[in-house]
Amino acid sequence: MITPPFTFDFDSLRSVVDGAFADMSGDKLAVLAPATGETIVELASATSADTHAAIDAARRAFSTWRSATPARRAEVLLDIAAAIDADAACLSHLESLNVGKPLVASAEEVAGAADCFRYFAGAARNLEGKAAAEYADGYTSLIRREPIGVAGLISAWNYPLMITAWKLGASLAAGNTVVLKPASQTPLTALRLAALIRDVAPAGVINTVFGSGSQVGNALVDSPEVGIVSMTGGTATGKRIAARAADTLKHVHLELGGKAPVIVFGDADPVATAEILKVGSFWNSGQDCGAAARVFAHRSVYDRLLEELVGRAESLSVGDPMADDGVEMGPVAYEARQGEVLDLVNRAVEEGAEVATGGRALAGCGAFVEPTVLTGVGNDHHLARTEVFGPVVDIQPFDDDTDVFALANDTPYGLASSVFTRNIDTAMTASRVLETGTVWINDHMPMAAEMPWGGFKASGYGKDQSMYSLEDYTRVKHVMIRLG
Ligand code: NDP
């Protein structure tokens, strides 16, 4: 077992069902620290039967939680935000230990998670249907926006606390009760949060169950008592969930992979752009569905941009995520990821790509991958069409400002893209023609709780954050009143 660099009782991390810690009857699963490969803790996982108990608790709680006033829901959400703020140091350490991201990044995400709950506290009080009106002679119509019921929330391992906040915040604000399943590799912050907030809402409103996709995930997807399944993860898993959920015709909300194209036009500043891409491509070791993955640079700025990007990749401080000394990038989130990322790089090289820098595991223990920049990756290469989800970016030159949009859109994914230019016409054209759920102009990565995050095409459907997300967790009812 690992000795944590901070005092923490890992045995306090347990599933929470019906407002209380609950014993799970499945196998014990080891939770690892990717920077060292050591076991942090072994946790009892849930079986399908354990998950059904949680679903039952959520169903029972729904009958009262659905009637809670928006003000009451907001109160609960604000209490959750306050609990996160009060525990920020511990949550940040747990996230860094378990996911391998530098402490400074974890701290930023913990603060973002609290802000997300505060946003949804306000949003809960602003959910509205259309005003009543007479659309047919002799009738008054009105619209009710109602919660769906029990929400099954299946989270991913790259932003464990942040994704929890997005899904839990929207679900509760809309009046749903939840069963949350963290990713089994990185459950620590979601379980810590579950312990902190186990009595802020009535028992059964928030249930958190640790376990695998095959046990907990399938039980949530199959249960007729679950009205919506919201999942963040890979496209292949998302497709399986959507197909399986068809059996009960439940709502499905999917935030899946991405392969964000970046277009750098000839009038952009290559130095400033490289500085932005250093964060866009390597933040969280590139394990971000919106990561700047594939750069198209106009030939007039290509050489300079490549040089600047390679320089930044090589000077990136990579190391112990728990060290408080300016480390910018840690390992990837678990050992198998390291192999998957390197396999994709090797395959790209076999298909003709060149490694401008990186491309190898870092020496020593832990799942570290060098920050990697590739050139010579054609749109038909496997790498161009596959989400790497690691610290790997490729950069290609282009000559024709019009053709580049087609190149950027020629991907199965449609989550995010960015464009660097000083020309407002070019920027506005890009924002219209790029087939992605987010288009950044002269930046890559910033987000706001008020604005939606979610993809097109193989990146899924449904939005996280914003009022659009809140609407996704509700259903619309038409009430038609005959007058006289
Ligand atoms: P998965 O998509 O398999 O996992 C995401 C979540 O889905 C986890 O909680 C997982 O549970 C759960 N899950 C897995 N199978 C099922 C199932 N049959 N039914 C219900 N839930 C299920 O991601 P991977 O970890 O395998 O990553 C694969 C790729 O997905 C990555 O390389 C990356 O490309 C992409 N990805 C994208 C993310 C994003 O932000 N959009 C986040 C993570 C991955 P458990 O892990 O406990 O089995």
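Visitor: Which domains does the lining of the largest pocket draw on?
Guide: At least three residues come from each of domain 1 (10-256 + 459-479) and domain 2 (260-448). Those bounds come from an automatic or database domain assignment. This is a predicted model: local features need pLDDT of at least 70, side-chain atom pairs count only at pLDDT 80 or more, and totals for chains, interfaces and linings use all residues. Residues are numbered from 1 along each chain as its sequence is written, and side-chain values use heavy atoms, with hydrogens and water left out.

Visitor: What is a pocket, and what is a cavity?
Guide: Rolling a probe the size of a water molecule over the atoms shows where empty space is left. The search runs on a 1 Å grid over the protein atoms alone. A cavity is a set of points where a 1.4 Å probe fits but cannot get out. A pocket is an open set with protein on both sides within 12 Å along at least five of seven lines. Lining residues have an atom within 4 Å of a point. Grid points are joined across faces, edges and corners, and a volume is the space filled by probe spheres set on the points.
Guide: Here the largest pocket has a volume of about 750 Å³. It is lined by 34 residues, and Trp157, Met231, Gly233, Gly234 and Thr237 are the closest to its centre.

Visitor: Which helix gives the largest share of that lining?
Guide: H8 does, with six residues. Helix H7 (213-222), strand S9 (226-232) and helix H8 (235-245) each supply at least two. Helices (H or I, at least four residues) and strands (E, at least two) are DSSP runs, numbered from the N terminus.

Visitor: How many of the lining residues are nonpolar, polar and charged?
Guide: The lining has 13 nonpolar, 15 polar and six charged residues. Ala, Val, Leu, Ile, Met, Phe, Trp, Tyr, Cys and Pro count as nonpolar; Asp, Glu, Lys and Arg as charged; the others, Gly among them, as polar.

Visitor: What about the second largest pocket?
Guide: Its volume is about 540 Å³. Of its 25 lining residues, Glu108, Met162, Met445, Pro446 and Met447 are the closest to the centre. H4 gives the most to this lining, five residues. The classes are 14 nonpolar, five polar and six charged.

Visitor: How do I read two packed helices?
Guide: Two packed helices are described by the angle between their axes and the distance between the axes. Axes are lines fitted to C-alpha atoms, for helices over the stretch in contact, and angles run from 0 to 180 degrees between N-to-C directions. Under 35 degrees is roughly parallel, over 145 roughly antiparallel, 65 to 115 roughly perpendicular, and the rest oblique.
Guide: Take H4 and H5: their axes come within 9 Å and cross at roughly 10 degrees. The two are therefore roughly parallel. Their contact (heavy atoms within 4.5 Å) has 13 nonpolar, two polar and one charged residues.

Visitor: At what angle do H3 and H6 pack?
Guide: Helix H3 (residues 88-99) and helix H6 (residues 188-196) pack at about 155 degrees, with axes 8 Å apart. So H3 is roughly antiparallel to H6. Cys90, Leu91, Leu94, Glu95 and Asn98 of H3 meet Leu188, Thr189 and Arg192 of H6.

Visitor: How many cavities of 30 Å³ or more are there?
Guide: Four. The largest cavity has a volume of about 100 Å³. Among its 15 lining residues, Gly286, Ala291, Ala293, Val388 and Phe389 are the closest to its centre.
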